[in-house]
Amino acid sequence: MNIRSLMRLCSSFKHDNFNKHRFYCSRNILKLYERGMYESVFPDISKDKIANLLNKSPQCVYAGFDPTADSLHVGNLLILMNLLHWQRAGHQVIALVGGATGLIGDPSHRSSERVEMDKFLIQENIKSITKNIETIFDNHRAHFLKKHQDLKPLIVVNNIDWYKDINVIDFIRDVGKYFRIGTMLGRTSVQSRLNSETGMSFTEFTYSLFQSYDWHQLMKKYNCRFQIGGSDQMGNIVSGYDLITRSTGKEVYGITLPLITAEGGKKFGKSLQNAVWLSPEKSSSFQLYQYFIRAKDSDVERFLRLFTFLSLNKITEIVEYHMKSPEDRIAQKKLAEEVTLLVHGEEGLIAAKRASAALYDKSIESFVRLNASEIADVFEGATIVDVMTEPGITVYDLAMKVKCFKTEDDAQRIITAGGFYINHQRIMNKHEVIVPGIHILSNNVSLLRVGKKTYHIVRWQ
């Protein structure tokens, strides 16, 4: 089936809700293949069959999020983008948070068992990541959709709701009978752990049963026939497929997405200490913005396809324009703007741009608008010192109070050589008196710099 046939098929359906907007068509979901969003589909069926299914009626799709931290991170963002694309195409979207499975821990792509988490901490994490998800969906509706577009609302479920009263004997008897030990032992995630020094506990071994039962419950209540997850979730997705098809005889489909890795190819995660978080309390909008500004030229087109709603034609246009002067980072700036607006909203994007201007464009106007926490984010690692205002204090006095230099000789030599700056202005006279409005900005802060990269922040008291 070619694209024209698909479009004719889409236009032929009369379902009021499904056909309300022109983009409510499987073509939009199939476009995700072109964007590089889909790594594999299980079972291995043709795009035509998926197209026919999606065009027949609105479908339901879900993705799961385990509450192993109090925020989601950039590694989870691709899953959320995928859910948003499904929602834009008129389908029902479910985000499942693992209040129960979080107590067990997914062994996929792990070399050792997760540290057992307190139930109260898991509940707090669930609240935080639910807020992450809802904020992104709200920002998408506010900033990326036309006002008349009426989408099916996001459903958030917690799997503890169907496990809290379940009888363990009933679960083993009614669910466990559909699983085969040989198949489970053959999973790559299980094999790698069994062959490791730490081995694998029975607790982790049962994880796939619970994720499978989650899908079974969503199928039962919402007729949820699609599950999406990272490529490391294929084993769990196949287990869910086996459970549902064997117990109900109904067809379901699993779709995996490529993993977004940090520099060096490592998977993002709390334990690796390399996550860029989606919660503003853990990673500021400036930090998220700068993460995508620093994307390599070799990655930026792929990231534009994965993390923005820009058309493929528009992305090609942006990249072609970018390559004419790569040093201007035009593509990276557009990428950073789109992602920051989605995650942090318009205010977050404004703050991120203001902070970036203060740091890289040396804009004093932007620096003055920064609050204390934003200043700390922008000049990460800078020494922040509170100094009492004193009449007649000199540049030299201030530099020594803040400990910009190790010795008096260093201060004399570096200042007179032009290596000392206040608010991005070179100061070469160590006897120059500090003057409000010149050396002290309207936010009662002074930015001192020694050389190219050593910053000290003075908060005047």
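This is a predicted model: local features need pLDDT of at least 70, side-chain atom pairs count only at pLDDT 80 or more; totals for chains, interfaces and linings use all residues.
Helix axes here are lines fitted to C-alpha atoms over the stretch in contact, and the angles between them run from 0 to 180 degrees between N-to-C directions. Helix α5, residues 119-144, packs against helix α16, residues 330-360, at an angle of about 110°, and their axes lie 8 Å apart. Angles of 65 to 115 degrees count as roughly perpendicular, so that is how α5 sits relative to α16. The crossing of the pair is right-handed.

As for who touches whom, α5 brings Thr-135, Ile-136, Asn-139, His-140, His-143 and Phe-144 to the contact, while α16 answers with Glu-338, Leu-341, Leu-342, Val-343, His-344, Gly-345 and Glu-346.

Of its 461 residues, 52% count as buried. Take the contacts between residues at least 6 apart in sequence: 73% of them join residues at least 24 apart.

The strands come next, beginning with a sheet of 6. This sheet is open, its strands follow the order β1-β6-β5-β2-β3-β4, and the pairing is mixed. At the edges stand β1 (40-42) and β4 (155-158); each has a single partner strand, so one side of each is left without a neighbour in the sheet. On average, and ignoring direction, neighbouring strands here are turned by 25° against each other. Helix α11, residues 207-222, packs on this sheet and touches β2, β3, β4, β5 (226-230) and β6 (253-257). The direction of α11 makes about 150° with that of β2.

Within the sheet, β2 (residues 60-65) and β3 (residues 92-97) make a parallel pair held over 6 bridges. One place to look for this pairing is Tyr-62, whose bridge partner in β3 is Ile-94. As a general point, strands of a sheet pair through backbone hydrogen bonds, either parallel or antiparallel.

A second open sheet has 5 strands, in the order β7-β11-β10-β8-β9, again with mixed pairing. Its edge strands are β7 and β9 (425-426), each pairing on one side only. Strand β11, residues 454-460, is mostly covered, with 5 of its 7 residues buried. On one side, β11 runs parallel to β7 (residues 383-387), and 5 bridges join the two; Ile-384 stands opposite Ile-457 of β11.

Strand β11 also pairs with β10 (residues 445-450), this time in the antiparallel sense and over 6 bridges. Here Val-450 stands opposite Thr-454 of β11. Together β10 and β11 form a hairpin, with 3 residues between them. Gly-451, which sits in the turn, has a positive phi of about 70°.

That leaves β8 and β9. Strand β8 (residues 420-422) pairs with β9 in the antiparallel sense over 2 bridges, and Tyr-421 stands opposite Arg-426 in β9.

Key. Residues are numbered from 1 along each chain as its sequence is written. Side-chain values use heavy atoms; hydrogens and water are left out. Helices (H or I, at least four residues) and strands (E, at least two) are DSSP runs, numbered from the N terminus. Angles under 35 degrees count as roughly parallel, over 145 as roughly antiparallel, 65 to 115 as roughly perpendicular and the rest as oblique. A crossing is left-handed if the near helix is turned anticlockwise from the far one by less than a right angle, and right-handed if clockwise. Contact means heavy atoms within 4.5 Å. Two strands pair if DSSP finds at least two bridges between them. Buried means under 20% relative accessible area, exposed over 50%, partly exposed in between (1.4 Å probe, protein chains only).
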